[in-house]
Amino acid sequence: MRSKSLFGSGLAGLGEATLFSSCSLLMRGRLASVGAIAGGTLALAAACAPAPPVVLAGPQPEAVVARAPHANTELGKRIDSAPELVVSGERLNVGLLRRFYAGHGFEPIWATRQAQANSLVNAVLGAGDHGLAPELFHANLLRQTAALSPLDRELLVSDAFLSYADALARGAMPVEHRTDDETLTPEPIDVAVALDTAIGSPDPAAAIEALAPTTPTYRTLRQALQRYRSGTPAGDKATTSRLREIEVNLERQRWLPRRLPAESVWVNAADARLVFYRADRPVFSTRVSVGQDEKRNQSPEFLATIDGIFNPPWNIPGDIATEEILPKTRSDPNYLARHNMVMLPNGGLQQLPGPNAGLGQIKFEMENRFDVYLHDTPSKDLFNRDNRRISHGCIRVQNPRELAALLMQQPIDTINQAIATGGTNRSNPPAPVPVFVVYQTAFVDSDGTLQFRPDVYSRDAEIWRYLDPVRQPVAEREWPGQPQG
């Protein structure tokens, strides 16, 4: 019986020609890999000429590639032929391809897997449902593969599947290409193993789609994307702007861990608001002030864990001391004394605890390389402003005592008593509480309503470059830990 076309049913108008019609010497498939995956071990049956299995025991690309005899195959020679691999003008990811084919003896595999290939191509061509342009994954060439050589077709479809899986798993703009203050990233995913898992599953497309987030926010943003696309005439500038915001923030969702904790604190710098979740439900929300618009004072995006200090002293950062405080002492010798500040033996400045201290009476410490934390403030009027981007990056909390009571799981009277002692003391929550500091210009609020905020930190445009097929940077995406060259 004639093998089913990769571009057959489900891709109207693309013809019935079989992508890989036979198992020739060049296209002889050899698939025998055993990959450790979540929920068990999957053994993929050999096709055409059987071969001994290559065992993948986790992401150890250097060892895997070193054992694979790829120099003796046409495919292996093509992958290793040059630092760059290009098909019909489109650059492929050599690292991902090498990683994937190392588990397959560097032999082609799609000639004998037409149904799986069809399913995965349909998934790639539907990438727009995730706010990802299919053209990022060679959609134009996937629609006209008849003009390609068999080997080019093999490499192209594999690269499309791997790159799409990678984009769903950790974002189209991977962490190694982001700015230094955008550090959120999901758990590492071996997309080569993920593709093998998809090939062996009853529904390959669903297995790849499962790499995307499943949070209510991600679902709501995807639904909003469909509404905006279908509800307004093409070319409408307002709609185009909203679509871009949604697509950029779908990308930000892909930067988050897939297993989000049921209890956590979220600070959205774009919204200048904090929300505390318990059992996956928002139970407390308060206004915050965040970093200024100036790049060096913006609040970064990161994940940390909270503990609390009452009546904290403030070890004043060196740049604030040098640029803002010490110049004032030249004209006002009593400035430090009036503000309860002292010079430390190491030359640093510290403001002693007290009701008028800069950190207020509660500091939520959360160790991170940015030295950013949540804290109280004596200047309560700041929270009445619409523009609350006024700090050097730290986050001031409007209602810190209520937050402390929730985190410590204590009555607020107990929190007040700890503060009333006047002495600095620390109290850890009963269990670690993660804090996510994010920057989301399109998000779902605690009532489930889609909200938009201005891009005050001007971060959206750089992300959009990686989502726009016309302007996408040409630098090769890296697989975490992959060998280079």
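Helix 6 is followed by glycine 171, whose phi is positive, near 105°. This is a predicted model, in which local features need pLDDT of at least 70, side-chain atom pairs count only at pLDDT 80 or more, and totals for chains, interfaces and linings use all residues. Residues are numbered from 1 along each chain as its sequence is written, and side-chain values use heavy atoms, with hydrogens and water left out.

- Helix 6 (residues 150-170) has 21 residues and spans 30 Å from its first C-alpha to its last, where helices are DSSP runs of H or I with at least four residues, and strands are runs of E with at least two, numbered from the N terminus.
- The axes of helix 3 (residues 94-102) and helix 6 come within 10 Å and cross at roughly 105°, the axes being lines fitted to C-alpha atoms over the stretch in contact, with angles from 0 to 180 degrees between N-to-C directions.
- Helix 3 is therefore roughly perpendicular to helix 6 (65 to 115 degrees).
- Residues in this contact (heavy atoms within 4.5 Å) include Leu96 and Phe100 of helix 3 and Glu154 and Leu162 of helix 6.

- Three strands form an open sheet in the order 10-12-11 with antiparallel pairing, a pair requiring at least two DSSP bridges.
- Strand 10 (314-316) and strand 11 (341-343) stand at the edges, each with a single partner strand, so one side of each lacks a neighbour in the sheet.
- Strand 11 is joined to strand 12 (residues 349-351) by three bridges, and methionine 343 has leucine 349 of strand 12 as its bridge partner.

Technical notes
The expected span of a helix is 1.5 Å times one less than its number of residues. Angles under 35 degrees count as roughly parallel, over 145 as roughly antiparallel, 65 to 115 as roughly perpendicular and the rest as oblique.
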